[in-house]
Amino acid sequence: MPASPSTARAINDRVALRLLQQEGPLTAGQLKQLTGLSRPTVADLVERLTAAGLIEVVGESGEQRRGPNARLYGIVADRAHLAALDVRTEGVSVVVCDLLGRELARASVPIADDTSTGPAVEQAVTLVERAAKEAGAERLHTVGVGAPGLIDPATGELRDSSGLPEWHRRLVAALQERLPARVIVENETNLAALAEQRDGTARDRDTFVLLWLGHGTGAAVVLDGRLRRGASGGTGEIGFLPVPGTSTLPSATDCEGGFHSLAGSAAIAELAAGHGLVATALSPGEPEAAALVRQAVATLSSSPSPSSSPSPSASSGADRFLSALADRLAIGAASVVAVLDPGCVVLGGEVGQAGGEVLATRVGERLTRMSPLPVEVRASTLGGGAVLRGALLTARESAQDDLFAPRSR
């Protein structure tokens, strides 16, 4: 059945707003061309959206002569302010943006292992409040939170997870109490996959698996353009995957003996030490494994001139370390490939980014020998920053769905 006039107006408004969000400021003529709507219809929706405070004149087009036809319309960026949080076991990072995703403030705070639940939650919430104030945001519309652990697909809440501090669960409730904002929680690895698909190395893929390699391990599965969470929200808990090369088996409450024991930061650091590698982290929160992998790649890639080339022993140690690490990563990746046939595996997180093409190529070569299924291995371009980026994208989409929704008249 044909849409009613009010429904048609709502559809046209959302199409126009999405175009302005994706393309940037546009003239009424450009909106007409991109939407295929008539000139009177475009004029009507521009008037409606301006009156609603969603768009405004932001300049004039140089391609047009001065006047009404030259006016450039853009989304009112400060109509809503958004926050994104990356919650780790060792601290919290936050970024505050406007409705267009422009960064207005960024901050982080370390939280020590021995900090009790109450003070830890207070530190994190205060960090968000201060960042919002610095950004000039009187209130936050939506807050996206990326955290380790399982997200209940039915309630959207962070579930009890062994090995994670209690303040993680308490933080979400505290944010909801203290902030007049919608709070959305998602698993950190899932958010990283979303960011890599939108802005990173998987932009051309609608089916892929992201293998998270940071302080811990995890995986995110995107099939046919959709993030798959599983019946209990546990899709991608690859740290618990039983694998050869460990001395025990994982349990329901401890991933020791699983893939985590091969590819977690502590395991990679131990592997590097066995090959004589040492490195210094670029930042206090960087996993030790990322610094070691980056140093190994740099050692292999350094200039061959006598004055700057590494010693033969250093180069050999870096090469053996990266080969051994690729062997380990291929074990976990091969299991995922055999079950899901994703066609593409992204080595994500700080370690995946540090390894770059050098590590990705080595893992890919091993998968080619281990699996009959074709698979491309890519290195993350966003690294650990993918979690914040994914949380921001999620918060912005939620806010736009609310603000761009048709209103009763």
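Student: How do the axes of helix α2 and helix α3 cross, and at what angle?

Tutor: In this predicted model, the axes of helix α2 (residues 28-35) and helix α3 (residues 39-51) come within 9 Å and cross at roughly 120 degrees. The two helices are therefore oblique to each other.

Student: Is the crossing of α2 and α3 left-handed or right-handed?

Tutor: The crossing of α2 with α3 is right-handed.

Student: Which residues make that contact?

Tutor: From α2, the contact uses Ala28, Leu31, Lys32 and Thr35. From α3, Arg39, Val42 and Val46 take part. Sorted by class, the contact of α2 with α3 has 4 nonpolar, 1 polar and 2 charged residues.

Student: Why would residues three or four places apart point the same way?

Tutor: An α-helix has 3.6 residues a turn, so residues three or four places apart point the same way.

Student: Let us move to α8 and α9. What is the angle between their axes?

Tutor: Helix α8 covers residues 265-274 and helix α9 covers residues 288-301. Their axes come within 8 Å and cross at roughly 40 degrees. Therefore α8 and α9 are also described as oblique to each other. The crossing of α8 and α9 is left-handed.

Student: Which residues of α8 and α9 meet?

Tutor: On the α8 side they are Ser265, Ile268, Ala269 and Ala272. On the α9 side they are Glu288, Ala289, Leu292 and Val293. The residues of this contact of α8 with α9 divide into 6 nonpolar, 1 polar and 1 charged.

Student: Is Ala269 buried or exposed?

Tutor: Ala269, which is found in helix α8, has 12% relative accessibility and therefore counts as buried, since buried means under 20%.

Student: What does Ala269 touch?

Tutor: Leaving aside residues up to four places away in sequence, Ala269 touches Glu288 and Leu292.

Student: How far apart are Ala269 and Gly245?

Tutor: They are 24 residues apart in sequence, and their C-alpha atoms are 16 Å apart in space.

Student: Which residues of α9 are buried?

Tutor: The buried residues of α9 are Ala289, Ala290, Ala291, Leu292, Val293, Ala296, Val297 and Thr299.

Student: What span should α9 have?

Tutor: At 1.5 Å a residue, the 14 residues of α9 should span 20 Å. The end C-alpha atoms of α9 are 20 Å apart, which agrees with that expectation.

Student: And what about helix α6: what span should its residues have?

Tutor: Helix α6 (residues 188-199) has 12 residues, which should span 16 Å at 1.5 Å a residue. Its end C-alpha atoms are 16 Å apart, so the two values agree.

Student: How many residues of α6 are buried?

Tutor: In α6, 10 of the 12 residues are buried, so the helix is largely enclosed by the rest of the structure. Among the buried residues are Glu188, Asn190, Leu194 and Gln197.

Student: What about the phi of Asp224?

Tutor: Asp224 has a positive phi of about 55 degrees, although it is not a glycine. Asp224 lies in the loop between β9 (217-223) and β10 (226-228). At 60% relative accessibility, Asp224 counts as exposed.

Student: Where is Asp341, and what is its phi?

Tutor: Asp341 is in the loop between α10 (312-340) and β11 (344-348). Asp341 has a positive phi of about 50 degrees, although it is not a glycine. With a relative accessible area of 42%, Asp341 is partly exposed.

Notes
Residues are numbered from 1 along each chain as its sequence is written. This is a predicted model: local features need pLDDT of at least 70, side-chain atom pairs count only at pLDDT 80 or more; totals for chains, interfaces and linings use all residues. Side-chain values use heavy atoms; hydrogens and water are left out. Axes are lines fitted to C-alpha atoms, for helices over the stretch in contact, and angles run from 0 to 180 degrees between N-to-C directions. Helices (H or I, at least four residues) and strands (E, at least two) are DSSP runs, numbered from the N terminus. Angles under 35 degrees count as roughly parallel, over 145 as roughly antiparallel, 65 to 115 as roughly perpendicular and the rest as oblique. A crossing is left-handed if the near helix is turned anticlockwise from the far one by less than a right angle, and right-handed if clockwise. Contact means heavy atoms within 4.5 Å. Ala, Val, Leu, Ile, Met, Phe, Trp, Tyr, Cys and Pro count as nonpolar, Asp, Glu, Lys and Arg as charged, and the others, Gly among them, as polar. The expected span of a helix is 1.5 Å times one less than its number of residues. Buried means under 20% relative accessible area, exposed over 50%, partly exposed in between (1.4 Å probe, protein chains only).
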